[in-house]
Structures are given as structure tokens and as C-alpha cells.
Amino acid sequence: MGRTPNFFEDLRRVGALKRDRLGGHPADNALSKVPQPAVSRDTVGAWLRGERFPQQVESLLAVLREIRAEASRRGFLGTPADGFSGESVADLLAEDRWLRSWRAEQLRRTQSNQEGVERRQARRALEDEERRARQAALADRPRPVRSWTPKRLGVHPAIPGYPATPDGADFVLPVYVPRPHDDLLRTRLAAAVTDSASLLVVVRGESCTGKTRTAVEALKAVPDDFQLLFPADADSLLAMLAADALGPRTVLWLNEAQHYLGGPAGDAVAAALLRRLDADGPFIALATLWPDHDTALTTASASSQDGSHRQARALLAQAHYVHLPASFTEHLDSVRRAAGHDASLATALEAGGTDITQTLTAGPDLVAHYERPGGPHGVYGKALISAVMDAHRLGVTGPLPLAFLHDAAPGYLTRSERATADPDTWFTAALTHARTLIKQTIRPFQDAPRSSGIGALPGVVALADYLQQHGRRTRRLLCPPATFWNAATHHLTNPDDLTHLADAAHGRYRLRHAAHLYRAAADAGGSYALARLADMRKEAGDREEAERLYRAAVNAGNTFALKWLADMREEAGDQEGAERLARQAFDAGERYALTRLADMRERAGDQEGAERLAHEAADAGDTEALTRLAELREKAGDQEGAERLYRAATDAGDTLALTWLAQMREKAGDQAGAERIANEAASAGMTYPLTRLADMRKKAGDQAGAERLYRAAADAGDTDALTLLADMQEEAGDKEGAERIVRQALGAGELHALRWLTHMREKAGDREGAERLARQAADAGDTDVLTRLAELREKAGDQEGAERLARQAADAEDTDALTQLAELREVAGNPEEAERLYRAAVDAGDTFALMWLAARKNWRYGLEADGTAAGPWLWPEPRTAASDSPYGRTPRYLGLRVALRRALRTRHVAQPVPPCPRPPPAPSLTRPPGPKLTYELRPPATRAQDSIPIPPALAEDRCGREPQLRGGPGRSGRHSLRLRTASTAPASAAIPPPIIGTTCIDAL
């Protein structure tokens, strides 16, 4: 802002007069007390330096009168005020002069402020107009909250009831029966509106338990003038956030929130929503989630190194959860009262049971239609549904193409079922069965809407979500057949879906299928799949190929692969190259690469450089870098350095660092310091340090100290501490006091208390009650109760009951129960039973069981889909990683790579055979005609009749022909490789052995 020169210049002249000629008198402190009310000494000084405008002219005039009086006492009024203006001191200090000057300056400032206000208003109006234009361009726009119907917001239609309504409405909405969680949800929404707060609420429950209906009913707590936005997908939501469409007095509707947070854009969405929650309210984000999706988004995998769902975990940590019970067991009387006025509810009650919402949405009938298929084509329809179930439970998120169903289904049928099927009609009839309308409400297979526009997507189907969840539970322990994996490789095109399936195959040790699915994902544009394929090559010992594929992944846009390249360089002893790659990864946006680089510097002895990099990583958002470095310092005995870094991590926002700092103090004997830090963490909302210290005190025999800390954690809101306190009471013999504490924990919503009660029921001999409580805990998400109960049954000699409970836990996605049961069987001297349980866990994707079996079975090449040991197979070559050669890269047999490469280095090179005259055929389960190629590998130590067939679907060459590998001893004792044709081709078509390197099978 510009200043009127005369006014502020004159103030500085008065200040100079007071300072230079009046010797600083009157003092600023004395002058500050003259105005009424008084001002500060600094204010007077700022006036006389021309730095601040006096808001009250009377205060300024009072100060000037005192300065004039001092000048008069010294006889300076008639003297020149300075050497250039020609004014006297009296003129400079004249009151009427200052009154005019002050008013002129005030008028100028008022006008300037008004102009500034007008400019800001104009700018704001322009910004509002631009924002409205951006919002008008959105595909999904805000609408008044009351204009949205339950059907549009995703509520399932209910069964029509009997008798049906006269108007035959196609969307039946039964009377809503409120339960306690409804009051909790509405109270939270109303409080957010009253407090102008920004709030994220997650309604969590199984499929068809009423999540969406609960959220719709809760909207009644939102005022009518609120807007509601329902984005179609993650990209639409990001566009809304970019357009500032989520302003105050807005509800963001996130039905099935996994679709927004679980895909490729999930972390970007979560980060943007976190920023919106920090902005002005009232703003409400209302989400629904299945428990398994919630677990996948909020649980950090120990084997994951790519930081997946990191932002989603941070977002959901801020959420207020409302847990929906799966049934109306406690509220059947309310349902009966409402059923007197609602035919749908009455019909649901007649069906029996307490799963009212599931019955209303025809869930049990869907399952019955699937599990007990009728008619001549029912088994084929069930096979189609099973294939889609497996696809969804293993990671496919979108609709599935009919070609995939057609090729996957045969593996789900018996030999007799396949033999009796009509090749021309079975698929159409199976689709008809899978599209049957159940109870006039819902179909197993449904049409998938277009992402934009009107109508259904052609050639694809979507599975009813209740059947999806049923498949997740009932097929959890099953590994899909080979036709499933092959059909997915050939027909699916979404790189994320293919990568998820490849991960599932790899986790089940179906390595061949995993490699080909990764290849298909890479060819579809999935750079992460290239990196995973590189991982497999590295695990197989082929570091050269692994590095090539990692580099291809980087070139395809996966900058995180630079971190893996850096690891390989470090393992090879190339510290400089490793650091260079890690730095490249950070420069490319991988902020976690700095943590890796800091670790390298620390191990190399450069502590100063390591600490500098850790701070740099923390500034970039990775606070775990400081914690990691602190752990290394602590292990090295540098307690002072470790504490400094833990503190720095805490200051950077990593509250978990306080836990390790408190633990370090406790180990050092500084109990008071440890408790002080734990209480500091508790005040920041982190109670874990208190319970961790309590555990340490309990282990050390300090029962009183442990109890005090557990109680402090409970007082700070950690209800889990109550169950730990109950354990102490029970161990001390106070069972009554222990049960009282557990009841208190249950009343506070602590589900782990059910574990304690289950254990007590089991010990008391109430097995039925113990199982009921264990299932109740598992339904609420704590499957560990079933695992512990299974262990108790196993130790008591009830192997059948133990396995039944373990399989229930595995159905609830906790395969640890099977592996722990297998360990007990192994210890008991029953290795056959242990292996059977380990295999079941492997089929469910349990990596620990996989490691146990792989170590004992020497499954060098992985498993086939049916669980038998696989033989050698060809590595697939992604198009994006192929060399510039017209023949591509060399596919290598797993385990036979060295022999093949040696065989290719022959000195007798015949004229090369040209590449295929046509492009590679599209993947198909119907093999095109052509000669069959046979390779003969002859190592010295093999038997003449050894034969290792290569599966046709995986060993197909670029000409569409099927190679086969055969081994036999060579006369010279050297390795030899021969290529033969086995078909109706003329004998002259045989290719001499030296030409193998240039045939049309990717330059073997």
C-alpha cells in the first residue's frame, strides 16, 4: 500500500527533532501514558519513525503537545525545524496542521481500502464464476440432498412381499427398523452440522446387512439446504476435488468406498480427501465398506514395499466407524412390530432366521440358486458363477468378459459333465441359468452399466455383491483350476486385474501361471507387473534378466523399480551405483527411496550423511525414515543419537516414535522418563506406549506398575487395555474382578473382550457358548478368537472340532488358524495331517505355509493349478521388455537356463530362418494347426527316456506351434539341443540343430 509522503515524512521529522535536538525527551515511555486511553511505548516509537498510522488523532495530538511543550521549554519553537524545509519548529508541531494532515491520510487510506475490497470482491466473484464453470463441466454434479432417492444412492430393492403391492412397483423399500447404531450415526452427523466440522463416517458391515440403507436414513439428520455429490468413480471424485465442488454444507456419498480408495488412483483420492477434511465445514463424507475391503485398505502388508494404500490408511484412521451387526437377533421384536404394516418384512420373518436384511434382498435365495442348481444346465451355470466368484475374490474389480467365462468354466466341471455338454448350446444355456431373476428382485449375473451414457456394456457380466461375498467366504480355501488362470491370461485386459490375479497365483506358488499373468499385465500397460516379473527372475537366481526387467519397468513408468535396482546394486557391492539409483528414484517422486538411501549411508558408516538424508525424507513426508535410523542407532548402542532421532520423528508427525523412545528409556532403567514420554503420547491420542510399558513392567514382575499403566491407558480411551487388565486380575485369582472389567470393556465397544470371555467359557466346559462368542467376535472382525479356540480344542484332543474352527477362521480370511493347527499336528508326530493342512493354507494364499512346504518338497518350479509339482517351463517375455531384435528376447526354461545358453553358443551357424510371416496370434484356447516343435536337451546325467513336456498354453512359439522339451544323454557327454517337428509336415521341414538360435520362437 502506498503512503502519503508528507504525513509519514513529517512524523519522521518530529522523531528526528525529539532524538537529535531534544535529547530524546520526552521519553517514549512517558509519552505513551499521555493519551487516554494509554498506548504502548512501542506504538509511540513506531509513530515517530513513520512506520505506523495512528488510528485515533486525539492520541497523536496529545503526544505532539508534549513534544511541543518540551521544545518550548528549551526555546526551540522559533528555530528552523531543519535545514531544507524553511519551516520553524512551531510550524512543524502546529496542531491544526496535523489535524488536516491526519484527516487527509485517513481519507486516502479509506479510499485505498475500499478499492482493495472492491478488487478482492471482483477477484472472488471471478473465482466463483470460474469455480461454477468447472463444476458445471463435471460429469457428476451436486444436487440438493433431498432430491436423491434411495434407489439412486445404491439401496438394494427388497422382495415385494405377499401379497404384492397393487401397483407392482419395481423398487420396493420396506419400513426401516432403527437400531442403536442409527442413533450413534445421526448424533455424529448432527454434531458435525452444529459445530461446522468436517467429518468422515464409515458404515462398516457385510454384504446385504443394510449399510447403504442405514446411511440413507442417517441423511435425515442433515439440513435441507445441504448439497450431495455422488461420484461415479475415483476419477470423477478427483475432478470434484480439483473443481472445489466439495464446499461447506456438502455431503460426499461414497457407497462401496473401496471403488474409490482401492484402485490405482486410490491414494491420490485419499490424500485429497484428507486435505478436504482439514478445510472449512460443515462437510460430511459418508462411506460404506465391507469388512474385508476395510481390512485390505487399513492393514499394511509386511511383505509390501511399495507403500500401497498408505494414504488410505491415514484417511480411514481419521474416520468415525459405525459397525453394523449381521443380524437382527437382538431386535426381532421391533421387526415384528414393523412387519404388521409392511408385507416385505412379514415375508422376511416367515422365512425364519434373524438375517432380515439378507432375506429382504434375496441373498439366501441367490445362494440356494448357486449351491443347489436345478435343471439340465444348472451345473454349467454354477461353473460360470464359480469362475466369476474366484476372479472377484482374487482381485478383479470390474465386470468380466463372456469369453473369459467360456474358457474358464470347463475346469469347474467333472469329466462326465464336460462329456455330456452340447458344444453348441451349453454356454448359452448356462448364461440363462446364471441370469435367472430370483424372487422378482435380483439376478446372479447382472448387466454392467456403461461408465458414461445409457445402456449396458456389451459382452460382459457383473456378479451380485452378495454372491461375491459368499464366494469370498466359501471358496477361500480353494485354488482355481488351470482353465481359470489360462482364460484370465488370454481374455482379461485390465492391467490391475491381471496383476492382482498374478499376485494371487504367486502367493499360491502357481509360479508358471503367475509369470504369464504378469506378462499379460505388462503387455496391457502395467509397469508394476514388469517389476513383479523381475522379482520372480531374481528369486530364480537370474539376476541379469531381473535387472533387465526392472529397467524395463522404469522405462514403462514404474519409478519404484529404481529402488529394487538400487537393492541389487548394493547386494552386488556397488554402493555408489546403489546410491545413484536411490537418488534417481527420489528425484522421480519416490520419496521412500531416501529412507533406503539413509540406511545405505548408515551401514557405510556415514552417520552424518544418513541423518541428513533421513531429515530430508521426513521433510518429504516419510517420517518413518527418522524412526528407522533411530532404531539402527539404538542397536549400535548410540542411545543419545537414537533419542535425538526419535524426537525428530515425533516432531515430524510420527507419534509412534514415542513408543520406541519410551521403550528405550524403560530398558535403560529410566522408568519415570519412560512414563513421562508414554503420557505425552497418550495426550496426543496414542495410548500404545502406555500398554507397551505395562507389558514390560508385567514381564519384569512389577505387577503394581503394570496395573497402574494399564489403567492409565484405559482412562485415555484404550479399551483394549481393560482386557489386558482383566488378564492380570485372573492371573491373580480374582476371576470376579476380571469378568467385571471385561464386561466394562464390552460396554465400551472393545471386541477383544470377547476373546477373554470365550476362553473362560471354554475352561468352564461351556463349549457351545464359547463357540457362539468366538463366531460373534469373528463376525465383528476378530478372527483370532476362533484360532485360539481351535488351539485349545486341539490340545484337548478334539482334532475334528479344532479343524472345524480353524476352517471357520480361514473362511473369515484368517489362514493363520490352519498353519498353527498344522504346526500342532507336526509336533504331535502326524506329518501327513500337517501337510494336508499346510496345503489347504497354501491354496488360500498363506505364505508361511508355502515356505514350510516349499522347503520340504523342493518345489523348484512351483505347483500346477491342481497342486502337483510343476516341471520346468518357459519364462514369458513381455513385449515392453523385448530387445530390438526382430526375433525378440530368448525365453528361458526355469532351472535349465545355463544348459540352453551353452547350447546356443555353437560355432556351426546355418543360414538364419526368417521370422514368422504373420504377427503372433491372439491368445486362444483353440490351438491353430501347425507342426509341433520338439526340443531335445541332452545333458550327460539324464536318462534316455526322461521327458519334460511343456504345457501347450505356455510353451507356444510365435508361430502358434507347440514345442516340447526332451532330455537324453549325448554321445560326446556334452549338452546338445535339437529342434524337431512332429506333425504332418514333410521331412524336409526339419531344422538342423544350429538353426535353433534363429527360429521364430523368440530367438531360442
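User: In which sense do strand 4 and strand 5 pair, and what is the bridge partner of Thr250 in strand 5?

Analyst: In this predicted model, strand 4 covers residues 250–254 and strand 5 covers residues 283–289, and the two are joined over five bridges in the parallel sense. Strands of a sheet pair through backbone hydrogen bonds, either parallel or antiparallel. For Thr250, the bridge partner in strand 5 is Phe283.

User: Which strands stand at the edges of the open sheet of six strands?

Analyst: The sheet is open, its pairing is mixed, and its six strands follow the order 1-3-4-5-2-6. Each edge strand has a single partner strand, so one side of each is left without a neighbour in the sheet, and the strands in this position are strand 1 (143–144) and strand 6 (320–323).

User: Is Ser527 buried or exposed?

Analyst: Ser527 is found in helix 26, which runs over residues 527–539. Leaving aside neighbours within four places in sequence, Ser527 is in contact with Ala553, Ala556, Gly557 and Asn558. Because the relative accessibility of Ser527 is 16% and the cut-off for this class is under 20%, Ser527 counts as buried.

Technical notes. Residues numbered from 1 in each chain as written. Predicted model: local features only at pLDDT ≥ 70, side-chain atom pairs only at ≥ 80, totals over all residues. Heavy atoms only, no water. Pairing = 2+ DSSP bridges. Helix = DSSP H or I, 4+ residues; strand = E, 2+ residues; numbered from the N terminus. Buried < 20%, exposed > 50% of the residue type's maximum accessible area, 1.4 Å probe, protein only. Contact = heavy atoms within 4.5 Å.
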